Amino acid sequence: MKKLLYWSLLVSFVCTLSVPLTGLVVHKLASTVFLLLCLVHMAVSRKKPGARRWALLGGVLLAFVSGILSLIFAAVPWVLAVHKVVSITGVFFLAIHIFACRRGFKGD
């Protein structure tokens, strides 16, 4: 069951990143699914989340909220810039998290 969760996280993450190919509607849906799967992943995780994992979840939540704000305030260019910076930083730290916790892909 965890493998399905991990692969679902990966697919929703890739769909979220491929916004130039899929469009804005698929990006919004995939990011919502990714956020919900992140919350499920935190609940199912065996380890008690430390400060780094809470910060990672906060970064994902911040990217989600800044994306919503960039849709609402489309006339303000710095809101979209903040969303891009937070999202790229989030991708970087999610890659570190995947590399550090990759044993879930090898087999439970």
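Guide: The expected span of a helix is 1.5 Å times one less than its number of residues. Helices (H or I, at least four residues) and strands (E, at least two) are DSSP runs, numbered from the N terminus. This is a predicted model: local features need pLDDT of at least 70, side-chain atom pairs count only at pLDDT 80 or more, and totals for chains, interfaces and linings use all residues. Numbering starts from 1 along each chain as its sequence is written, and side-chain values use heavy atoms, leaving out hydrogens and water.

Visitor: How far apart are the end C-alpha atoms of H4?

Guide: Helix H4 covers residues 51–72. At 1.5 Å a residue, its 22 residues should span 32 Å. The model agrees, with the end C-alpha atoms of H4 apart by 31 Å.

Visitor: What does H5 reach from its first C-alpha to its last?

Guide: Helix H5 runs over 77–100. It has 24 residues, and 34 Å is expected at 1.5 Å a residue. The model comes close to that, at 35 Å.

Visitor: Which helices do the buried residues of H5 pack against?

Guide: Buried means under 20% relative accessible area; exposed is over 50%, and partly exposed lies in between (1.4 Å probe, protein chains only). The buried residues of H5 are Val 79, His 83, Val 86, Gly 90 and Leu 94. They pack against H1, H3 and H4.

Visitor: Leaving aside neighbours within four places in sequence, which residues does Val 60 contact?

Guide: Val 60 is one of the buried residues of H4. Contact means heavy atoms within 4.5 Å. By that rule, Val 60 touches Phe 34, Leu 35, Cys 38 and Leu 94.

Visitor: Is Ile 68 buried or partly exposed?

Guide: Ile 68 also lies in H4. Its relative accessible area is 38%. Therefore Ile 68 counts as partly exposed.

Visitor: What is the area of the nonpolar surface patch that includes Ile 68?

Guide: Patch residues have over 30% relative accessible area and no salt bridge; like charges are joined within 9 Å, nonpolar side chains (Val, Leu, Ile, Met, Phe, Trp, Tyr) within 5 Å. A salt bridge puts a Lys or Arg side-chain nitrogen within 4 Å of an Asp or Glu carboxyl oxygen. Areas come from the Shrake-Rupley method with a 1.4 Å probe; for residues, only the protein chains shown count as cover. Leu 61, Val 65, Ile 68, Leu 69, Ile 72 and Phe 73 make a patch of about 510 Å².
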